[in-house]
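Colleague: Please guide me through the reading of this structure, one feature at a time.

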Amino acid sequence: MATINRFKNKYSTRKLCVKLTWLHILFFVLFGVSFGEVRYSVPEEMARGSVIGNVAQDLGLNVAELNARRVRIVAEGTRQLCELDSASGSLLVSERIDREELCAQAAVCVLQYQLLLEDPLKVYSLVLDIQDVNDNSPAFATGITELELVESTVLGRRFPLESAHDPDLGTNTVRVYKLSPNEHFALELNTQLNANAYPELVLRKTLDRETQAEYTLTINGIDGGNPARTGTASILIRVLDSNDNVPIFNRRVYKTSVLENSATGALVASLNATDLDDGVYGDVTYSFSRMSDKSRGVFKIDPVSGEVRVAGPIDYEEASAHELDVQAKDGGGQASHCKLIIEVIDVNDNKPVVTVKSASATLAEDSKPGTMVALLNVYDLDTGNSGRVNCVISDGLPFKLISEVKSYYMLVTDGLLDREMYPQYNITVTAIDAGSPSLSSRKLVHIVISDINDNPPMFTQKEYSAQVWENQPRGTFLTRVIAEDLDAGYNSKLLYTLSEDTAPGTSSFLSINSETGDLYTSRPFDYELSVYYQVHVTARDGGDPPLSSTCIVKIFIGDQNDNAPVVLYPVQSTNYIADDMVPLEAPKGYLVTKVVALDADSGHNAWLSYRVIKATQTNLFTIGLHCGEIRTLRPFLEGDEQKQMLVILVKDNGPESLSATATVNVLIGDGLPVFSELFEIREEQQVSENVTLYLILALVTVSSLLLILISTVTYYKVCRRGYVYRAATSSLPVFPSAYCPPSYTDVSRSGTLFKDDRYDSFLTTGSWKGDFRFGSSLDTDILKKRSAVYQKNNTLRRMTAERAAGLKLMQD
């Protein structure tokens, strides 16, 4: 009776634990949603199509959007067992749910699911607590238990019996054992260390083999379900002659452990039972009295030694523990029982599993950081550290892994993408568990980066240059501009145009091929109009919106000999040509005048040569071939004519030279002063032997140039009006603007004039050494002498004034 009361107390304690478990389950059901998790308590063996719960309502989802967002239920294991009705948002049973098959004897049976919505991505955790129902009856491993008892067995002797096994849990498992009515035996329960009750047959009345040699009893195992289920077995008792000792195990319960995947034949445990009898009654034989289906074929016991060894593969994932009932039986038929509990130690024998639940085949290169690329499900069938998995990808990639839901990883972008550098990625996702040694598996995710128009065209050169001769026909090829675009497709198709920044006057000279970038002339160039053009070319791609860039094309015009020389002095007029005065006493080599001509061309085309082609007296005057200075060949004689006429041919140096003529009138006057500065005998080969002296003189001259120039200009501005006569110029010819354009400058620096020097005034009778006149103190003295001469000779002053008027006209 005390044993039965102890059993009742433990039964009450177990009921209290079950109630606490239900309270925990109710807590998670009420508060799990706020953490993105919904729990449902589901009884096993529900009919297919039964409603577990309305997931859409519990999660606050719009049922009408479920199909559009591609909703689905994903199980963590291999079996689905339930499905989602997207029309109503309800979770339905799709397969038979057997708690005993899924979780065996585990106290809590939980199935993990994920509710996956792909557009946009959202994952919810669904937990099903599978509740046990009384769907299994208690069962005894053997239908008949045979006992052999000697007639001398003492009263109160206990004989352990095989317990009934019920896969159900809690109140649905075996609670009570009942023995058929008899006068010799009673049934009592004995609770082992693992809190399981085992029936024991107790002898209450002395046996007498001569009175009754066999007893047949019936034992019933009854569970606590409603209605209760019952399992029945028979007990056959044979009464033997005296064998008053039974085998005794040194422990009632043996506990041991074995590594998963242990080799066949590995020793698990050594059991030992002793029998004090001698002979055949003392020989003990070991055997398994009860073995579950999961343990069958896994272990074997040596009937003589009692050693338990591995007989087949041990898989922790199939069963984490094995409970075996072992019987020790002597030769007289008496037996005792013990329980062997074998815990399986998990080893890291399962690699992590990586599955791609959703992935994008292409990804735009302008995707923002955090854009999801793929959804991965990662799990490991091992437990403990061996079941903890960490996922990584290679360093240096613009991607990262984010885990917001257990066993799920999102592969998202972690930087800016550039298709031009990396058009595609092969991302290797490595899952590594925490076992020792660790196991890993890999999954390749292939991503193609799609192009956007993020690269403007780039010219191979910032500046291009081209040279072309003037007067070339329309359509003459100048140069080709080349631009490159790193984008692809329409984003890299280029169109070349002349930029709007190009001056309208310049763009009219040019045309461009919009596809090749070839630049052509639209009309002939004129070197004398402009020697240089600059045009901006724009390359625009075909993107939306398009991108563009601009380069500069510099076009240099080459000169051709298309302009004849023009005589500037003496001024050629059909009405009147001024006379140049020369003294009768002028010696040989005296400078009479200078023919000044200009060619609008440049370079060799503008190099001029002078030659006398006609003269009143051929042996009287000569002209410098390149300077145009007219000098006397000899002193004048009495018989020479007073008025001389010279016709000068001015010829350029072009391939096909052009020329012009100038008429010079020279008047020989008596009484005119002879200026020593106006003649010299040139010795072109005479070179200064002391170059250093000239350099020192040049340095001194440059140092004092500013003071001399200021004083000369001031004197010239104040005093020149006293003796310069400005004659009427209405009858003088006007020099064409084409030969002297405004601000004309010889860019090539190889023409006859440099910058604005061509507008400087010059006086033939006042210039010396064949150069243009520049202000100096020497010039001032010459002007003073000339003024005195003009006062003595009115005729000479008139001629000189006319000459000065012509020079002034050119200067203006």
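Colleague: In which helix does Leu 697 lie?

Modeller: Leu 697 belongs to helix H5, residues 691-703. Helices (H or I, at least four residues) and strands (E, at least two) are DSSP runs numbered from the N terminus. This is a predicted model, in which local features need pLDDT of at least 70 and side-chain atom pairs count only at pLDDT 80 or more, whereas totals for chains, interfaces and linings use all residues. Residues are numbered from 1 along each chain as its sequence is written, and side-chain values use heavy atoms, with hydrogens and water left out.

Colleague: How many helices and strands are there in the protein?

Modeller: The protein has eight helices and 49 strands. Of its 812 residues, 43% count as buried, a class defined by under 20% relative accessible area, with exposed meaning over 50% and partly exposed in between (1.4 Å probe, protein chains only). Among contacts (heavy atoms within 4.5 Å) with a separation of 6 or more, 69% are made by residues 24 or more positions apart.

Colleague: How many aromatic pairs does a search of the whole structure find?

Modeller: A pair of aromatic rings is described by the distance of the centres and the angle of the planes. Rings of Phe, Tyr and Trp (its six-membered ring) pair if their centres lie within 6.5 Å; planes under 30 degrees apart count as stacked, over 60 as edge-to-face and the rest as tilted. The search finds 13 such pairs. Phe 249 and Tyr 254 are edge-to-face because their planes stand at 75°, with the ring centres 6.4 Å apart. Phe 249 is buried at 8% relative accessibility, and Tyr 254 is buried at 3%.

Colleague: Which residue forms a tilted aromatic pair with Phe 556?

Modeller: The partner is Tyr 532, at 5.3 Å centre to centre and 45° between the planes. The pair links distant parts of the chain, with Tyr 532 in strand S39 (residues 532-541) and Phe 556 in strand S40 (residues 548-558), 24 residues apart. Tyr 532 is partly exposed at 30%, and Phe 556 is partly exposed at 35%. A ring may also face a charge, a case that requires NZ of Lys or CZ of Arg within 6 Å of the ring centre and within 35 degrees of the ring normal. Here the charged end of Arg 523 sits over the ring of Phe 509, 3.8 Å from its centre.

Colleague: What is the N to O distance of the salt bridge between Arg 158 and Glu 188?

Modeller: The distance is 2.6 Å; a salt bridge is a side-chain nitrogen of Lys or Arg within 4 Å of a carboxyl oxygen of Asp or Glu. Arg 158 lies in strand S9 (residues 158-160) and Glu 188 in strand S11 (residues 185-191), so this pair, 30 residues apart, links distant parts of the chain. Arg 158 is partly exposed at 38% relative accessibility, whereas Glu 188 is buried at 19%. The whole structure holds 24 salt bridges. One of them joins Glu 420 and Arg 419 at 3.2 Å, N to O, and Arg 419 is buried at 15%. Shared partners join Arg 158, Glu 188, Glu 200, Arg 204 and Arg 252 into one salt-bridge network.

Colleague: Which residues does a cis peptide bond join, with omega about 5°?

Modeller: Most residues other than glycine have a negative phi, and most peptide bonds are trans. The cis bond in question joins Asn 226 and Pro 227, and Pro 227 is in the loop between strand S13 (214-223) and strand S14 (230-240). The bond from Tyr 569 to Pro 570 is also cis, with omega near -5°. Positive phi values occur at Arg 70, near 55°, and at Asn 261, near 65°. Arg 70 is partly exposed at 45% relative accessibility, and Asn 261 is partly exposed at 44%.
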